[in-house]
Structure formats: C-alpha cells, structure tokens
Amino acid sequence: MPVHVLPRDEKQNNTVPTNLTVIPISLICINTDFTGKAVKGNVSWKGPLVSLPDDNFVIKIIIEGKDDSASTSINVVLFGHLAMEFSNAAKIADVVVASGFTVGKSPTAHKDKLHPYNLLLKGDNACIYVSQKLSASPRSKVAVKRTSKHPTEAPKPAKVVKYTYTKIADLKPGTVVNIYGVVVFFKPPYQSRGTDICSSVNIIDQSNRKVSCTVFCAKITDHPQILRVGDIIRMHRLKAQSFNGTLNLISTAGFSVVTFDGAVDRPVEPRTSCQTFAFDEDDRLTVEELRSWVATNDVLPPMQKVALSEVQPNTFFDLTCQLLAKAPVDSNCVMLRVWDGTRCPHKMLNVDPDPNSTDGPTSFPDLQKEFIVNIFVYDNHVQHAENLKPGDILRLYNIHASQGSDKEPSLRVDTGGEGCHLTLALHGGTSYGKGIQVIPGTSPDVMDMKRKISNIVDDFKEGLSDSEMLDIWATPPQSPDRQLQYCTERMCAHSLQSASLAEVKQSNPGGRHHVRVQLKSYEPRLHYQSLKLFCSRCSTIHEVPDDDTVAKVLAEASEEDSEFSSPTWLIPIPITEELRCPMAYVFRNMAADVASRGVLLLRGCSLQEACKLTAGIPNVVPVRVSEGRLALLDLTAPFLFRGRRRFYGCKRCSNPKLDEPQWDGVHDYDETLIAEAFGIQMLKYVLLFKLELQDATDTLDVFLWRDAEKFFNVSADDAAADQKSQDNICQTMDFLCPPEGSQAERPWLDVCLATYQPDDSQDQTCYQICDTTVRPPT
C-alpha cells in the first residue's frame, strides 16, 4: 500500500522508517538524486480529489516544513491510487513524510510565492507516510493570556460560530435551514410587486435533488451575487415551505448569502456585499467538494453564453460585454452600445441616437465601430439600464437576436439600402432568467474579454488622440496609462536623503527613512478584512464580528423569556407591527425627544429589525433580561447602532452596566457619552495592512496602520459604514498593485518609514509607513 498511516506516541512523535533520511524542503532542486531521501511537513492545504480518464486520479496538497527557524511550504502532487488513498487517509494538520518523489518546476510559484519546485509522487516507488493529528482531550482546557501590547500583533479572534447545513434531500416543510448548493438556474434581482427586490435561484447538491429558492431583500446588494450557472452558493436562514406539493425555500429575517466560482481551478474567494461573514476551513472543503462533484457529473444545463462573433439569428444567448454608451429611445426602451472584443459577422442595425441624450461618447473611430453593437432594453429592465455607467462590465441574460427590417422608434436608422439586419433585444419580464448584472472585472471570462479589447486598441491606438483613447475605455480608471500616474507624497517635516531597502534593513531601530519603492504585494487581499477594532486602553486589536455572529447573539438574547419589573426611570413604548420586537424602552428624562436625538432600548430584536429602526431613531441599544433586570448584550455584538454605524466595546476593559444616566443639560447624545454612561470602553475602527515593498536592492515587509487613514485619505469609521469609502480604498490598492499588471506597471512611491522594536521582543525589528498620503493622478 503506497499510503502508510503511522502511529503517534503520547508526545505526538511519529515513526519514520530508518532507511529514509529526512531533508529540509529548502534543499529541494532539480538534477539531484533523492533516492533514500524524504521530505517531512504538516499538511497546510488539501485540494479535492480529481478524477481523470482511464480511472486515474490526482490530488494536490501543500505541506509546510520547518527548516531551522524558518518555515518553507511546497506543492505536492499525487497521482493514481496513491492520490485516492491519500484523499481518504489524510486531513489538514496531519504530518506527512513523502519519499520516492520526482521534482518538477512549479508553474504557480510566481502566484502562490511557494517553493519554485513541486514534488511529484507517482509510480511504484512513490509512497507517503501519514501521521494523523490526535484530537485534544475533551477534559483539557488551555487558557491563553494575552500579554503583548504591540499594536501590530495578531488580532484577537472574534467569537466563532459553527453552522449546520442541510442536504436538499433532508429538507422538511416549516424548518429554517442553512444550505449549500450548485446553481442550475437563476433570475437576477428584479423589482417585485411590493417594496422589496426579488431574485430566485434553483440549486442542486450531491443528493441529486433540486430545490427552488426565492429571496426578498430591500437592497440589491444583499441578493446572491451569481455570475453564471455552476456557481456555488451558501445561504443562511431559509424557510422550507410546501406549495402545490413542491418544496421551496424562501428567505427569512437575518438571511445572508455567499457565492463562489464553481470552476475547480479557481481560488475559493467569497462573493458578498457583507463586510464580515463566517468562513472557515470546513466551508472551503465543502466548496471544493461541490466543485469536484460538478466536474465529474453531468448536472448542469447547456451554457448559453456566447461572444458577439458567435451570435446567430433567431437565437437567445447570454453576453458578457463592456458598456460604452447608452441613450433613451422612449419611456419604455433604452439602447446600450457595447463591445466584447469580437466582431459580429452579421449586418447590424445602424442607429444614430440623439447626442444630447447620450450618456457616454457620441462617436467612435471607424475601426472601433466594427466591434460595437446596439442592444435594446425594454420594459422592467429600463430602470436598471438607466442606472448603468459607461465603462461598466455587464452580463446580459437571454438576449434575443432577431432578423428583420423593423425600425426602432424615435431613432434615426440607416440600413444602408438593405432591409435585412440583425437586432439584439432584451425583452421585458423575468422568464428564462432575463436580466442585467454589473459584474466584477476579475472573473476569468472578463479578463479574457479585456485582453481581446486591449488587442483591438493596440491595433489602432497609434492614430488616436488622448481624448479618443479615453472615449474608447469609457472611464478614466480604464485608461491604459492611468496607474503609472499614481504616486504618494511624504507629509513629514524632516529632510532625509533617500535610502535603499537594503540600507534600511541594516539600520538600527528607532529611526526614520525616506525610500522610493514599489508595492509588490499586500495582505489582506480581501479589503474588508483590513478593517479592525482597536482598544486604546489595552492596545489590543480585534476582528470586526461578522453579521452572522451579531445576528446569532441578538437571536440568543431574544429567546430569553425572563420576567422583570421595569424601573421607574424607564418608559415602555409600543413598536410597529412590522418589527416583531417584544418591547422597547426610553429613558424617562428624554421621552419627549427620542425620535430626534434620544436613546431607544430594544429587547428581543433581530439584527434586521435593529437596522430598520436606525432609519428613524438616532441611537438604538439592544438589551436583554439578566437576573431580573435589563442588561446590555454580550460585547461581541454592538452596544450601539447609529444609522449605518455600529459601535463595539472592549470585553477586557469594559464594565457594562445599565442604570439611569445622569444626562441633565445634555443636548447631543453621541456614542462617547453613551459609552461612558454604560461603562463601555469603546473600540475604535482602524485599518491594518501588511505591505511587501521592493526596490532594486531588496524587499521589505511593513505595516500600514497608525497613519493608514492619512495614507488613503479615508477614515476607518467611514470605511466601516460607507460603500464609497470602501471603494476608494479598493481602487487605491488596485492602482498601486494592479492584480493583473506586470512589475513595470506599478508606480514608484515616495514613502517615509519608521523602524521600531515591539515591546515584547528586543530581537525583532518592525517597520511601519508613516506621514505618507496617496496623491491622486493629475
């Protein structure tokens, strides 16, 4: 058997055959004989088992070894029955010893930053020893005390919430469930007959059962961000209902959703508008298992997505394209001018819209016109089309390509003397998934489309003026040379000569340095994860609790049904029937102005209800009943909601209490005053990035923290509540470190660096960006 499971003794040591010599991962290279040699490490990542033709299998893992004091990781690829046996025998954190391997060059080293070579295990000589990690005794408890006050140490983890997911085959009417599935059909969000926006999705899982899910949310951003059939979707808090003998799922209070690309070779990156959400290794494995299952089973319907070069008359298709301009035709129709980098082979309707009503360029170079088509959008899709901006990347679903000579209303049409032409239209209704979506520019088919468009631009850009180039790319961020203009400006008062990174590394801690560098990489790549909570009293950094965690704390508090007598300084007030909140209270001394500037205490409310009330009440404080009296919630949840802002308290430094506040003569009840009255040490929102800088001499890891707000010209408080501020941070990082750009495309940055030693380590030198701000391009 090529996979051997080894026993461990009480000290967690594993037994390795004496005929093998374990070598460090750092010594792996090509043109070397590794007979009798082995590599040892912990499994830090394990991919899905992939089935190949001729009953063959392959699985990829990453193992991390310890070479002296440094850790080195390397990709390991297993083939055949060795892969199948390893998939069943090993899991994350197991210790493995691999022998009989060959060495190949890693094709992903420039992306994953791991070892430049791979270990390949196949054939009769390859074998791998697995020493399984023992589970901790259920009786043993380990208390970890946080003593470091260094602000850039690892953040204190938030409360972990584990969710249980139901298979489609196990759904029962009347139950509220969490569910994973593969999208086999969907309708993009559309306006329902009521006040909410509606979307629907049909999913399937390994039980080979399908179910239809209907989602109602007030905001379009809260709906599933599905890009194509085959995406993986995770939904929380759906209610199973039976209608006409068919089981369906419908969203309930606290609904949340995350989607993932369904392709096996794509990164497991969640798509969601929620700033925070629960996602752990079990979720990653579930996504990869569903991907692998879809890849080996014929469960998806035929894809309708085509390029303009593949469009045929009298067909329906989906199209990914870039919007160049738009113009209203009449109250029931909008014309979109789009391209995708390919040329439609059919004669199109030549339309000349009114220049005064056109949003975007009104004319294009002759060569570019050959690649542009007009799509007419009707009825219920008009409102969405009116909100689109030139430069948006769109996916249009169920476009109808019809052949005929009917002229569109209110437009000047030239058919060139020929009556027959092709017209592209998105008709009204939502049947067959009709709709429009603005999609991110990082999906694989979008990147392919951008490459085709870039090739077209390269063919004729020599003869274009700067204004024509901007028209082609529609918006300045799409301009080919814009990222080269981005730079930074030092705001410090001292004057220093510019130093290289190699010189900075050799300097003593406690100084300042001016450097000219490029941004090579940064963490976290998901920008919302850079938002942290900082306690100025104990100097600790905490993760921002995700919506699921907050909703769970509020739900647990609402389930408490203890009786209590209301104190005389509180007045109970009624709540509207829409918000099924058991009770609300106001302080007696501010009952007259609670709607304008007072404080409302909510007992038994959900997260969704608390957020709704903030639209009309300036300060909303969720409470619970404890020991016969009202008390504040666990500080995992916000102690205060103010509009879109949420305020948290430090568990270590707070002494929560709910007594009658002494606010005589106070005219503005802000978050600081409320926190002091309730004994809360308020946490401050901060931004924390780890940047890898580079110049011609070296690379250097630095923190961007204390002066991050100055760097981005955005406050962390605004980033926590305002989408525009979040977008500014994302755009800045994309310009400084383009996801798909080469090193030459990255701008040079003038940066001031501070060097220091952490309080708890005299042997370590850290670096932080200070007194530096991003200067927008001129």
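The legends below describe close-up views of a predicted model of one protein chain.

Residues are numbered from 1 along each chain as its sequence is written. In this predicted model, local features need pLDDT of at least 70 and side-chain atom pairs count only at pLDDT 80 or more, whereas totals for chains, interfaces and linings use all residues; side-chain values use heavy atoms, with hydrogens and water left out.

**Figure 1. Overview of the protein chain, with 15 helices and 40 strands.** Helices (H or I, at least four residues) and strands (E, at least two) are DSSP runs numbered from the N terminus. Of the 778 residues, 49% are buried, where buried means under 20% relative accessible area, exposed over 50%, and partly exposed in between (1.4 Å probe, protein chains only). The chain exposes about 38500 Å², of which carbon and sulfur atoms supply 48%; accessible areas come from the Shrake-Rupley method with a 1.4 Å probe, and for residues only the protein chains shown count as cover. Among contacts with a separation of 6 or more, 65% are between residues 24 or more positions apart, contact meaning heavy atoms within 4.5 Å.

**Figure 2. A barrel of 5 strands, closed in the order 11-12-13-15-14.** The pairing in this barrel is mixed, two strands being paired if DSSP finds at least two bridges between them. Neighbouring strands are turned by 50 degrees against each other on average, direction ignored. Axes are lines fitted to C-alpha atoms, for helices over the stretch in contact, and angles run from 0 to 180 degrees between N-to-C directions. Strand 13 (residues 210–217) pairs with strand 15 (residues 246–260) in the parallel sense over 3 bridges, and Thr-214 stands opposite Ile-250 in strand 15. Helix 3 (residues 281–295) lies across strands 11, 12, 14 and 15, and runs at about 65 degrees to strand 11. Within strand 14 is Arg-237, a residue other than glycine with a positive phi near 65 degrees; Arg-237 counts as buried at 15% relative accessibility.

**Figure 3. The largest nonpolar core, with 59 residues.** A nonpolar core is a set of buried Ala, Val, Leu, Ile, Met, Phe, Trp, Tyr and Cys residues joined through side-chain atoms within 4.5 Å. Leu-519, Leu-691, Phe-712 and Leu-753 touch the most other members. Helix 9 (residues 547–559) gives the most to this core, with 5 residues. Leaving out residues up to four places away in sequence, Phe-712 touches Leu-687, Phe-689, Leu-704, Ile-729, Thr-732 and Met-733. A second, separate core of 27 residues includes Ile-74, Leu-82, Ala-98 and Leu-119. In soluble globular proteins, nonpolar side chains tend to be buried together.

**Figure 4. The hairpin of strands 36 and 37, joined through 4 residues.** Strand 36 (residues 689–694) and strand 37 pair in the antiparallel sense over 6 bridges; Leu-704 in strand 37 is the bridge partner of Phe-689. Side chains alternate along strand 37 (residues 699–704).

**Figure 5. An open antiparallel sheet of 3 strands in the order 27-26-35.** Strand 27 (540–543) and strand 35 (684–687) are the edge strands, each pairing on one side only. From one strand to the next, the twist averages 45 degrees. Strand 26 (residues 531–535) is joined to strand 27 by 4 bridges, with Lys-532 opposite Glu-543. In the loop between strand 25 (512–523) and strand 26 is Pro-524, which is joined to Glu-523 by a cis peptide bond with omega of about 0 degrees.

Figure 6. Ile-456 is buried, with a relative accessible area of 6%. Apart from neighbours within four places in sequence, Ile-456 is in contact with Trp-339, Gly-341 and Phe-371. Ile-456 and Gln-368 are 88 residues apart in sequence, while their C-alpha atoms are 7.9 Å apart in space.

**Figure 7. The cysteine pair Cys-752 and Cys-770.** A disulfide is a pair of cysteine sulfur atoms within 2.5 Å, and by this rule the count is 0. The closest cysteine sulfur to that of Cys-752 belongs to Cys-770 and is 3.7 Å away, too far for a bond. Cys-752 is buried, with a relative accessible area of 0%.
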